[in-house]
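Hi there,

Here is the structure I promised to pass on to you. Have a look at it first, and then read my notes below.

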Amino acid sequence: MNIAMTIAGSDSGGGAGIQADLKTFQELGVFGTSAITALTAQNTLGVEGIFSADPSFVQQQIEVVMKDMPVKAVKTGMLFSAEIIEAVTHSLRDKETQLVVDPVMIAKGGASLLQHEAVTALKKTLLPRATVLTPNIPEAEVISGIEIKSPKDLEKAANAMLAMGVSCVIIKGGHLEGKDAVDTVYFQDGSFFSMQTKRISTVQTHGTGCTFSAALTAFLAQGFSLKSAIIEAKKFVHLAIQHPLNIGNGHGPTNHFAYKKLSGNCEVTISEEREFSSLSDYGHAKLH
Ligand SMILES: Nc1ncnc2c1ncn2[C@@H]1O[C@H](COP(=O)(O)OP(=O)(O)O)[C@@H](O)[C@H]1O
Ligand SMILES: Cc1ncc(COP(=O)(O)O)c(N)n1
């Protein structure tokens, strides 16, 4: 049995965070373990409270699991503080496991899930250890310090993040407008591809980023190559958004059952053209 770990915050509403990650692992046939960084009192309308864990206890959760079980891939989500980021990085030292870092900063309802001063710790300590970094556009802007207004800016921002030591950066396009949801993927060796699906008009997008990075982690734990794990994860999240469960009164959760139910049947268009010539409306996309 392949084992994955999520190091993230608990979402009491069940659509994002630890809960989204474990549901995704389970659906993809991977045994899920977890280290909880914070409890959030949250529903589809927003986050009403945050209670963060002691950094040393986060470290203990990770180390106790890892000394007993061969964890193949790890993902991080909400890390909340510089102290927790340092504890996580310390726990993963000497470990060969692949690491997916989803740099969760702000919840869809607007609540801050990462303290402002923790961004430096993220860049200096955790990113050099990461296999894949999965920022959305606003997160990519904060980490890289580059304002993203065009595809050229995307590439500049990706290069700035690759220079921090991550092996691969996926800049997710969920926050753009335009008829397609386009994510762009950049590797250390200079190679690149973009992947796009039709954009679905919906507010049921709570936990999309968590779900995408958890699916990617699960596929890596199963031994998929990095590129095929990324593409399968895009299918997983697309199907999860396409078949909403209609739960709650705000940004409802995505449907983690859809990928398995539909046997992963989802069209993703892959392009290796840097000029985005096939993505005609991308340049007109506006940030939310
Ligand atoms: N409305 C949508 N239709 C189709 N795919 C979407 C939509 N919104 C987000 N996605 C996809 O979901 C994944 C998560 O992206 P995003 O929502 O930008 O992340 P985050 O939750 O971190 O803000 C990406 O693959 C993105 O392209
Ligand atoms: C515990 C936790 N982790 C992550 C998110 C981000 O998810 P989203 O951006 O969809 O609100 C969240 N809302 N809560």
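UniProt positions are given here in the numbering used for this chain, feature names are shortened, and annotations may be inferred rather than shown by experiment. With that in mind, an unreviewed UniProt entry carries the annotation "domain: Pyridoxamine kinase/Phosphomethylpyrimidine kinase" for residues 11-255. This is a predicted model, in which local features need pLDDT of at least 70 and side-chain atom pairs count only at pLDDT 80 or more, while totals for chains, interfaces and linings use all residues. Residues are numbered from 1 along each chain as its sequence is written, and chains are lettered from A and ligands numbered from 1 in the order in which they are written.

Over residues 11-255 the chain is 38% helix and 21% strand, with 16 Å between the end C-alpha atoms. Helices (H or I, at least four residues) and strands (E, at least two) are DSSP runs, numbered from the N terminus.

**The ligands**

A residue counts as near a ligand if its C-beta atom, placed from the backbone, lies within 6 Å of it. Around ligand 1 there are 19 residues, and Asn-136, Lys-172, Gly-174, Ala-181 and Gly-209 come nearest. Which helix gives the largest share of this shell? It is H8, with four residues. The shell around ligand 1 holds five nonpolar, 10 polar and four charged residues. Here Ala, Val, Leu, Ile, Met, Phe, Trp, Tyr, Cys and Pro count as nonpolar, Asp, Glu, Lys and Arg as charged, and the others, Gly among them, as polar.

Ligand 2 has 18 residues around it, of which Gly-9, Ala-16, Gly-17, Ala-107 and Lys-108 come nearest. Strand E1 (3-11), strand E2 (31-43) and helix H7 (208-221) each give at least two residues to its shell.

**Two helix pairs**

The axes of H7 and H8 (residues 226-242) come within 8 Å and cross at roughly 140°. Axes are lines fitted to C-alpha atoms, for helices over the stretch in contact, and angles run from 0 to 180 degrees between N-to-C directions. H7 and H8 are therefore oblique to each other. (Angles under 35 degrees count as roughly parallel, over 145 as roughly antiparallel, 65 to 115 as roughly perpendicular and the rest as oblique.)

For helix H3 (residues 82-91) and helix H4 (residues 118-126), the axes come within 8 Å and cross at roughly 15°. That makes H3 roughly parallel to H4.

Enjoy exploring!
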